[in-house]
Amino acid sequence: MLKTTDLGYWYDRQENSLFEHVNLEFKSGTSYAIVGQSGSGKTTFLSLLAGLDKPRAGQIELNGEPINKIGLNNYRKSHVAIVFQSYNLFNYMSPLNNLLTAMAVTDSSHRGDKAFAAAMLHKLGITDAQMTKNVQKLSGGQQQRVAIARTMVCDAKLVVADEPTGNLDEENTKYVIEQFQRIAHDQHKCVIIVTHESDVAKACDHSYRLAKHEFALEG
Amino acid sequence: MNFFKRAWLNLTAKKGRSILLILVTSAIMLFVLAGLLIRNAADSATSNAKRSVGATVTLSANRAAAFKQMRSRSSTSKTSRPKLTTSPVKLSDAKQIAQLNNIASYSATVSTSANATGFDAISTSGNSSTSGGMGMKGGSTSGSGDIAISGVTSTSSTPAFEEKSSKMTKGRGITTSDEGTNHVVIESELAKQDNLSVGDSIKLKATTGTKKTYTMTIVGIYKASSSTSTQQGPGATDPSNSVYTSYTFANTVKGSKYQNTADSVTFKVSNPAKVSAVKTAGKKLINTSKYSLTTNDSSYQTVKASMANVKSFADKIVWLVTIAGTIILALIVILMIRERRYEIGVLLSLGEARWKIVAQFFVEMVMVLVVSIAVAGVGGKFVGNQLGQQLVSQQATTATTSSTATQTKGGQPGVGGSAPSGNRKPSDNMSGAPGSHTSGTTTQKQAELDVSVTVFDLVELGGFGLAIMFLSIMLAAGGILRLQPKKVLID
């Protein structure tokens, strides 16, 4: 589904590149973990896959088409759903409106379907009372569930998550991992998670380690 | 869900911030509106001034030419004392001029005097010196009467009545229907002293020509303001002895050769801006060696200059407030949008178009603007009125001061329609007679600003507001929207 060819990224000089000549392939219905030390470039790699930034070298293809040809904005809108460590929800909206906004912006096939959005929130343990109050009034775990529900209401086939469990306790971490597995296996989506937690990495179908500017398959 | 709904949700969710934003925007809009109102009011006041203040062109004897002739005669004949001879204005000439474009109306003025017969004229200490004292404009005073007759086309068109220094208290004024009649309007003090009222008859004896006695019917009594007496000079009769008749009667008193003539004819020009054009066209119709056309549009020029100053000040207010408002709002919006950098990142990560993100901020600001315009609309009239009246009164004071200074230097008695007639004795043109008005006392009409809020003003204000908002948002959001979403979200 998603393929990187000779992918490279550096900030100021190529000699100091974070990674170069990365050739990886990510398939639908599979979950992937990307692990590595802090500052190794995991998040940067993820942001390239998510179309949040442009690579310095090489290219990324989605189903054989380079994403820069699709257009990064269109790519993000129609093909990718992103989950951040800090949830990145609209803090002036309710969980329900967060989902409805995402559905509207991404032209989801369920656009405007309140019942569908509410069902997704229910599925992730958000009650009726919680889904209509301001999202900031929810706990961290609940907010991350809303962020995951947001990826489920969009039609994107690629879900990328940057340290999605970084702010969560053990119980919520376990719950969130289960949800990502369901998204990958039940909804047949490609899930790529950047994490520094070994439990999360182990739970994923495959795991890549970024070390010394190179990716290595761990499992 | 679209950017309109997001804008609405944002405004309603952050009520405190929205109210603060509305208050700041209202304050800026209030001052912009006040400036716009004053500017528009100054514009309409100037155009109203064109219509209401008015300007006049006066046809009278050409005194300068008459003096020139007198001097040339004196150089050839050294035996007799030279005499100034001026010709009365022919009404046929006046009628021709009245046909010109931009002439709204005209009125003829004839000044003469007669003696009171069977009733007493008011006698003042100043008046007692009249017979043997100094006469106006030199020459002998013999033959002057104690009643000053002002023959007019209609009293309402005389400067004294137009400027409200004289007012009808009983009966009616002289009108064109009084032509050929012996109807008279007398002053209230004279009426009181002689116990006269409307419908009574008085007798006037001509002091020139046939010296005939005329029986007059009183059709009205007027009251002259006390300031009229200040116009009195040595040799002048008391202002209460001034009476109005039709100009035809005044001509009869003066003698048969004055039939169909007038001392001066004053033409009202409908558009004061055209006063020079009227004068040029009028000169082609008259014998300029005998007659002259003088213009008087000083009131119009004063109001025009005053309003131009007000308008220029209002323009500066509008621009200053707009620039200051843009800066203030831009700073607020920049802070607000920087605070929402994270939200922009989320929207960009979802694939939202950049223009829609700008549009959301714009819609939010427009919603704030609509409420602010309503607030400004309510308060703007009050602020505009206060500011406008303050400005006008300052401008009027300046204009009056400069106008008075000019008149003190160059004011010539008799300007405004009552130049002395040919062969007329000095007493014939007594200052203080109802028909005469000296330049030094010309009332300056003060333009008033009608500051009212119209739909157009609010639309104009909305336009300004939108421009300010758009500029502010572009300045604020430009920096963030140029960045890659990763920079906004992760860095």
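Which hand does the crossing of helix 4 of chain A and helix 5 of chain A have? In this predicted model, the crossing of these two helices is right-handed, where right-handed means that the near helix is turned clockwise from the far one by less than a right angle, and left-handed that it is turned anticlockwise. Local features were required to have pLDDT of at least 70 and side-chain atom pairs pLDDT 80 or more, while totals for chains, interfaces and linings use all residues. Residues are numbered from 1 along each chain as written, chains are lettered from A and ligands numbered from 1 in written order, and side-chain values use heavy atoms, without hydrogens or water.

Helix 4 (residues 95–105) and helix 5 (residues 114–123) of chain A pack at about 120°, their axes 9 Å apart. Helices here are DSSP runs (H or I, at least four residues) numbered from the N terminus, and axes are lines fitted to C-alpha atoms over the stretch in contact, with angles from 0 to 180 degrees between N-to-C directions. That angle makes helix 4 of chain A oblique to helix 5 of chain A; under 35 degrees counts as roughly parallel, over 145 as roughly antiparallel, 65 to 115 as roughly perpendicular and the rest as oblique. Contact (heavy atoms within 4.5 Å) involves residues including L99(A) and M103(A) of helix 4 and F116(A) and L121(A) of helix 5.

Helix 4 of chain A also meets helix 7 (residues 140–153) of chain A, with axes coming within 9 Å and crossing at roughly 30°. These two helices are therefore roughly parallel, and their crossing is right-handed. Among the residues in this contact are N98(A) and A102(A) of helix 4 and V146(A) and R150(A) of helix 7.

Turning to chain B, the axes of helix 10 (residues 298–339) and helix 13 come within 8 Å and cross at roughly 40°, again in a right-handed crossing. The residues that meet include G325(B) and L329(B) in helix 10 and S472(B) and L475(B) in helix 13. Helix 13 of chain B bends by about 25° at L475(B), the bend being the angle between axes fitted to the seven residues ending there and the seven starting there.
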